[in-house]
Amino acid sequence: MLYFRFLLLVSCVLALPVSADEPPSIVFVSPVTCPATATTSTLRISTIPYDLETSPTELVTTWENDRGGVGTLQPSMFGWWADVSLLEGVNRITAHVTDASGNSMSTSCDVEWGPVEAPSLHVAIPQLPPTFGVSPVVNVTELSLLLAIGAADNITPAADLQVSWANDDGSGGVIPLNIFGFIAVIPLHAGDNLITLRVADGGGQFTEQIFVAAVDQDADGVTDAQEQAAGMDLLDPDSDDDGIPDQHDWAGWDVLGIGHPLDPDSNGNGIVDGLDDFDGDGLSNTTESAFPKTEGLLAMFFADTDGDFLSDAVEVFLGLDPFVRDSDGDGKIDGFSDLDRDGVRFHDEIASGSDPSSPDSDGDGLKDLWERLLCSDPTRPDTDDDGKGDLLDDALCALNTPSGLVDWKLFQRGPNNDVDIQILFIYQAQQNVRMELRVADTDSGQPLVGFDFSEQQHVRSASSKPSLSVVTLAAVPTGGNYDVTLRLVNPVNSEVVASQTVVSIAVGDMYIAGGQSNMSGWVFGEQSVLAEAPDARVHLFGNDQRWQMGREPMDRALPSVDGIGMDVFARHSPMLRFGKELADLTGVPVGIIPAAKGGSSIMTEEPCTPPSCHWRRNDASPVDRDRLYGTALYSVLAQGYSHPIRGLLWYQGESDISSSTPDYLANLNRLVSWFRDDLNSPELFVGICQLASWDDPAVTDGVVAIREAHRQFALSDPHATVVSLLDADNDGLHLTFAGQKQVGERLARAIAKESYGIATSVEPKLLAIALEGAGTEIVLSYDKAISADDDRLADLYRVRNELGTDLSIINATLSGQQILIRLASPAPSGTTVSYSYGTRPDSGWVIGEDGSGAVLGFKALPIPYFSN
């Protein structure tokens with residue numbers, strides 16, 4: 001109709017007298033106003049050109065975009081039109097018309113286009129906590145929830161935005177706008193409510209926020225959903241009436257396997273749990289659970305809740321704070337205070353029974369410090385009852401420090417498969433003596449060849465006062481465990497006048513175990529009877545800075561010399577299983593230094609404030625023990641080793657999934673370089689754990705990026721290896737006991753092969769990626785037979801063009817040592833393939849048929865690809 005009216009207008013105008021060669025005219029019908037904003041990258045423009053001398057059908061109409069592109073406008077019943085492609089930013093669209101006489105006219109319109117932004121959504125009430133990419137959880141105690149939402153959009157006024165909520169029980173509704181924002185009170189059901197908030201604009205764009213409203217009607221710290229699952233009373237904060245709040249009962253059972261929310265005598269000892277003392281610190285569970293601090297939740301289960309080497313009961317008795325490591329602010333943790341200034345720390349005096357207020361507890365004239373240095377009893381004036389008294393008695397004691405000869409210490413062997421052990425010792429002798437040493441097998445008691453008393457003798461002069469001396473056990477062979485006996489012998493009558501035996505030392509290989517929660521050993525909801533059994537071949541230098549036999553939890557938080565190393569959720573790590581497996585494969589004892597902390601990051605830059613510095617090296621003081629890096633470094637250097645330690649175990653990255661592969665890789669390279677430089681170990685071997693499967697698909701791309709950084713590090717470093725944990729058993733983020741054991745086994749096998757040259761089975765290695773079938777088939781080849789679930793295989797891969805757009809995968813199949821991915825259309829130049837997009841350990845991963853484990857995840861590998 002518009003076209004007909006236009007022709008009528010022109011015919012009427014032609015009937016009027018006009019001057020020759022009048023130029024034509026052209027106007028924009030769409031956009032209606034100029035300048036304009038486009039909501040898509042393609043804009044349909046409409047114009048009306050007219051001329052008083054030329055028929056409309058004879059007019060030539062064209063357009064051009066100053067950002068690129070030209071074309072012809074086509075006539076229709078609504079005018080002349082064309083679809084114009086826009087680039088981001090301002091596009092000047094110019095329409096031209098030319099009549100039969102060659103006269104022309106132009107008009108322009110500025111059109112701005114940018115990718116249409118989805119509306120923003122901000123939840124003001126309730127406040128949503130930060131998370132690791134999973135849905136945040138908000139705890140509520142009522143069956144209703146106030147929502148206050150802020151929403152905005154670049155194309156739609158707030159009044160026209162559609163804001164709504166939906167609960168997983170099917171309820172939902174619109175959230176109205178008032179002067180304070182979008183506000184509504186929504187009903188909840190008992191248990192966990194999965195709430196979806198949605199804001200949509202007029203352009204069809206929308207944004208969603210999902211969170212969980214966890215109802216806890218009795219406000220006891222255990223949600224209705226948890227109570228429902230356990231059969232607890234949703235309205236009773238002490239379901240089993242044992243005097244312990246459900247929150248504490250639940251936490252103990254779920255995390256540590258201690259107590260039970262439905263059993264008032266959970267350990268069956270005839271004492272109601274509230275009156276019992278689970279941690280044996282002298283305070284009842286009821287007393288500790290009632291502490292007016294959140295740490296009271298832990299006090300029931302840890303005898304020394306703040307890890308300051310004093311039990312909670314001792315701190316309460318002394319008026320100290322059992323939740324503050326340094327109650328008096330003197331710069332020393334409470335257990336390291338020295339009240340009588342005798343050089344013996346408070347907790348050592350309590351442990352030995354000496355008087356912390358007297359420098360000479362037994363009044364024998366020998367101060368408590370010297371009694372400890374001489375291995376005599378500070379509470380007895382004549383320790384060996386020989387009638388001489390400790391002040392005048394002969395005595396001998398190896399220096400009891402990490403750098404000395406102490407029970408369970410592992411010495412790092414050297415390139416000749418042995419080590420020289422320098423022994424600092426304190427002795428006191430009333431006559432010249434012969435110092436004799438013996439190194440014997442711990443199990444059999446038989447001395448090593450060349451290390452019996454008759455073969456290790458040193459003369460020492462008489463000393464009526466304690467004296468420091470040193471001897472060296474040269475070339476002690478790799479192995480163990482060994483017991484080392486030191487004794488002083490009267491050369492005149494061969495009487496042994498003093499002796500000491502240090503038990504269960506070993507000569508082998510030492511490893512730092514660094515990272516975050518999965519290396520530390522966060523395991524929830526499993527009983528400790530499933531834990532890895534202790535093993536005497538694995539030696540642990542724990543957070544208390546003492547050597548001991550390896551047992552879980554290896555990363556035991558309490559007590560802890562360095563506060564940064566305290567991780568109370570540490571229960572079962574991969575460390576012990578790693579040590580046992582490596583000892584099996586190599587025949588070499590293994591030592592472990594735990595240095596992990598849940599939530600720690602390697603992306604921290606200076607300036608930073610401890611404890612957030614985590615794995616950042618303090619260049620001014622590399623052994624800064626307020627940082628994880630510093631305390632790990634200190635723990636190694638404190639040993640006084642004459643040879644560099646063997647390696648670093650690394651399981652970390654969950655905290656850094658927002659980082660790109662290059663950024664994370666650069667920081668990992670930097671961290672390893674720091675360790676190698678500070679430990680004077682350029683060949684320090686690094687065993688890396690790729691991140692295990694993760695339940696939340698929203699963060700999978702970031703997780704895959706970190707896995708790729710792990711893979712690239714191991715490929716580029718000749719002293720590194722990496723293992724896949726995609727199929728390791730976990731709860732969606734943290735490994736189970738079984739999963740932790742898988743990690744330990746795989747790390748040990750990979751390191752045995754790559755560092756020790758031992759033939760052992762490791763996961764299949766990707767050899768090549770090729771493009772076949774006229775560009776529609778991607779073939780991945782591995783070095784051994786593989787298996788997988790064909791029905792789910794395609795979901796584990798992403799094939800993307802050079803712009804990052806996913807290409808459609810028809811299916812993926814497996815045959816022998818190859819994976820075949822079929823595409824819906826030929827892959828263009830620059831196509832990449834990525835693997836490991838499943839979110840569960842049972843996602844149908846590609847694994848070795850020989851049981852060696854899952855293949856490595858990777859991201860954006862080019863086609864073709866060949867491994868080095």
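Start with a question: what is the torsion about the S-S bond of Cys 34 and Cys 109, and is the disulfide left-handed or right-handed? The torsion is about -110 degrees, so this disulfide is left-handed. Keep in mind that this is a predicted model.

Now the bond itself. Cys 34 and Cys 109 are joined with an S to S distance of 1.9 Å. The pair links distant parts of the chain, 75 residues apart. Cys 34 sits in the loop between strand 1 and strand 2, and Cys 109 in strand 9.

Next is Cys 375 to Cys 397, S to S 1.8 Å. Its torsion is about 50 degrees, so it is right-handed. Cys 375 lies in the loop between helix 8 and strand 19, and Cys 397 lies in strand 19, so the bond ties together parts that are 22 residues apart in sequence. Cys 375 is partly exposed at 42%. Cys 397 is buried at 3%.

Then Cys 608 to Cys 613, S to S 2.2 Å. The torsion here is about 115 degrees, so this disulfide is right-handed. Both ends are inside: Cys 608 is buried at 15%, and Cys 613 is buried at 0%.

How are the bonded cysteines paired in sequence order? The pattern is 1-2, 3-4, 5-6. One more cysteine for your notes: Cys 689 is buried, at 0% relative accessibility.

On to the helices. Two packed helices are described by the angle between their axes and the distance between the axes. For helix 10 and helix 14, the axes come within 7 Å and cross at roughly 35 degrees. The crossing is right-handed. From helix 10, the contact residues are Arg 577, Phe 578, Glu 581, Leu 582 and Leu 585. On the helix 14 side they include Lys 741, Gly 744, Glu 745, Leu 747 and Ala 748. By class, the contact has seven nonpolar, one polar and five charged residues.

Arg 577 and Glu 745 form a salt bridge, with the closest N and O atoms 2.4 Å apart. Arg 577 lies in helix 10 and Glu 745 in helix 14, so the pair ties together parts that are 168 residues apart in sequence.

How many salt bridges does the count come to? It comes to 34. Let me pick out a few.

Asp 110 and Arg 92 meet at 2.7 Å, N to O. Asp 110 is in strand 9 and Arg 92 in strand 8, so this pair ties together parts 18 residues apart in sequence. Asp 110 is partly exposed at 23%. Arg 92 is also partly exposed, at 40%.

Compare Arg 676 and Asp 717, a salt bridge at 2.7 Å, N to O. Arg 676 lies in helix 12, and Asp 717 in the loop between helix 13 and strand 32, so the pair ties together parts 41 residues apart in sequence. Are these two buried or exposed? Arg 676 is buried at 12%, and Asp 717 is buried at 9%.

Last item, a network. Salt bridges link a set of residues, among them Glu 605, Glu 606, Arg 616, Arg 617 and Asp 619. Arg 670 and Asp 678 belong to that network too. That's my part; over to you.

Terms used
Residues are numbered from 1 along each chain as its sequence is written. This is a predicted model: local features need pLDDT of at least 70, side-chain atom pairs count only at pLDDT 80 or more; totals for chains, interfaces and linings use all residues. Side-chain values use heavy atoms; hydrogens and water are left out. A salt bridge is a side-chain nitrogen of Lys or Arg within 4 Å of a carboxyl oxygen of Asp or Glu. Helices (H or I, at least four residues) and strands (E, at least two) are DSSP runs, numbered from the N terminus. Buried means under 20% relative accessible area, exposed over 50%, partly exposed in between (1.4 Å probe, protein chains only). Axes are lines fitted to C-alpha atoms, for helices over the stretch in contact, and angles run from 0 to 180 degrees between N-to-C directions. A crossing is left-handed if the near helix is turned anticlockwise from the far one by less than a right angle, and right-handed if clockwise. Contact means heavy atoms within 4.5 Å. Ala, Val, Leu, Ile, Met, Phe, Trp, Tyr, Cys and Pro count as nonpolar, Asp, Glu, Lys and Arg as charged, and the others, Gly among them, as polar. A disulfide is a pair of cysteine sulfur atoms within 2.5 Å.
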